[in-house]
Amino acid sequence: MASSMIDSELFKDQYGTEEMRHIFSDQAQIQKWLDTWAALAKAEAAEGIIPKAAAKEIAEKANYQNINMSEVREGFKKTAHPLMPQIRSFAKSLSPEAGGYVHWGATTQDITDTGLVLQLKDAQQLIVKQLQELLTSSLKQAKKYRTLIMAGRTHGQQAVPITLGYKIAIWANEFGNHLDRIKDGQKRYLVGELGGAAGTLASLGDKGLAVQKTFCDLLGLETPTITWHVSRDGFAEFASIISMIAGTVARVANEIINLQRTEIGEIEEGFTMEKVGSSTMPQKRNPMKCENIVSLTRIIQANATLGFSSMMQEHERDMTFWQSDWSYLPQICINLSAAMKMLNDVLNQMIVHKDNIKNNLFETKGLIVSERVMLDLGRYLGRQNAHEVIYENAMKAFEEKKPLLDLLLADKRVTADVDEPTLREMLNPEKYSGASAELVDRVLSKYHAFLK
């Protein structure tokens, strides 16, 4: 029986993906520990610390199937130690000689930290894949709607016209930035750990540093500059990047929620018959996926803060944070994977209501381009005087719900320098989207490889 939403048979795909759940399964965790023992044995054999035959046998039998999980669970209850039951179970599957060299010279945290890093490496590969999918999907939509003029909004109010492609290209660029962050950050957090009892490698004598490098190389991890048993900044950085990705995913989903409001109705997350928005209001077409996404990102960002509190460690090793690392890091990765999958579905299935976009663009009867009129009039009156003139007319147009054009044509301060045809042209919101399309092109050019 499942005891969390991540493992719930009913809700698990809303809170995670099968691929990410597998990466952080019990089987995967223990297999990563076995992989570290195999790499350790090989590295030590290469330096003549343990027999090569023992290392070979350890590597060949470092398989989850050789662990007796019932025995391990009972052993954990008795020892209260997270690794000794696995060491004993694994050693039983080996010959007496090879079994005696399992975990040679290492400390528990070397194995558990490195195993967790290997899981994060797998998780990151999936996250990168999903980020690339989000980038591609958003680039395609940005290109498709490159020139579709819509109302830009600031402070929840219409501001000046933009294009829908411009809005989506900003999303795409953020996804691209996150890919850069991961590429840069991994050299600091995809780092192996092998230091022994207090991190000095004393248990391996003068071969410690050589073993450490070979150990990390075999696992495809960076070699640490110095032991990081109590330096948890790498995990904190990883959690920060996950949290930032979640922030972008949440912003995109929340934007779609707002644009799907009945009173706006410009973008819809996608709809097919049988999708139900409400159990009591049959007419509802709620942005259910986007709401789920925002909910998940709140959980992610709240859990990610544990990465910062775990940075406070005592002396050379401290066990108080291990269980939080094993808990929050898998959770934020699993939840993020689900949120990204849902958002990619939304981006590929979203419905753009062009008629509503156009109606909203003209909703304020010219007020959306009052900036343009102000700046053009400023050539004759000066910028500040022009602002006052247009401000007075704009506020009157708003209060009396009149077209701005009518009020401007009745104002001699305006018509003294600008004729009616010019005013009509200036008040056309479809003629004032600035460099929106060209800015989309910049993003498309920067990430052109993802459109192939």
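**Loops, helix packing and a few buried residues**

Biologist: Where is the place of L201?

Modeller: L201 sits in the loop between α9 (164-189) and α10, where helices (H or I, at least four residues) and strands (E, at least two) are DSSP runs, numbered from the N terminus. This is a predicted model, in which local features need pLDDT of at least 70 and side-chain atom pairs count only at pLDDT 80 or more, while totals for chains, interfaces and linings use all residues. Residues are numbered from 1 along each chain as its sequence is written, and side-chain values use heavy atoms, with hydrogens and water left out.

Biologist: Is L201 buried or exposed, then?

Modeller: L201 is buried, with a relative accessible area of 7%, where buried means under 20% relative accessible area, exposed over 50% and partly exposed in between, for a 1.4 Å probe and protein chains only. L201 also has a positive phi of about 65°, although it is not a glycine.

Biologist: And H155, what is its phi, and which loop is it in?

Modeller: The phi of H155 is near 55°, again a positive value in a residue other than glycine, and H155 belongs to the loop between β1 (149-154) and β2 (157-163). H155 counts as exposed because its relative accessible area is 80%.

Biologist: Changing topic, at what angle do α3 and α10 pack?

Modeller: Helix α3 (residues 26-46) packs on helix α10 (residues 208-219) at an angle of about 135°, and their axes are 8 Å apart. The axes are lines fitted to C-alpha atoms, for helices over the stretch in contact, and the angles run from 0 to 180 degrees between N-to-C directions.

Biologist: What does that make α3 relative to α10?

Modeller: That angle makes α3 oblique to α10, because angles under 35 degrees count as roughly parallel, over 145 as roughly antiparallel, 65 to 115 as roughly perpendicular and the rest as oblique. The crossing of the two helices is right-handed, meaning that the near helix is turned clockwise from the far one by less than a right angle.

Biologist: Which residues make the contact?

Modeller: On α3 they are D35, T36, A39, L40, K42, A43 and E44, and on α10 they are V211, T214, F215, L218 and L219, with contact meaning heavy atoms within 4.5 Å. These residues divide into seven nonpolar, two polar and three charged; Ala, Val, Leu, Ile, Met, Phe, Trp, Tyr, Cys and Pro count as nonpolar, Asp, Glu, Lys and Arg as charged, and the others, Gly among them, as polar.

Biologist: How far apart are F215 and I299?

Modeller: I299 and F215 are 84 residues apart in sequence and 36 Å apart in space, C-alpha to C-alpha. I299 lies in helix α12 and is partly exposed, at 29% relative accessibility. Leaving aside its neighbours within four places in sequence, I299 is in contact with Y15 and N335.

Biologist: What about T297, and which residues is it in contact with?

Modeller: T297 is also placed in helix α12 (residues 288-304), where at 2% relative accessibility it counts as buried. Its contacts, again leaving aside neighbours within four places in sequence, are A246, V249 and A250.

Biologist: Last one, how many disulfides does the count come to?

Modeller: The count comes to zero disulfides, a disulfide being a pair of cysteine sulfur atoms within 2.5 Å. C290 is buried, with a relative accessible area of 0%, and C333 is buried with a relative accessible area of 0%.
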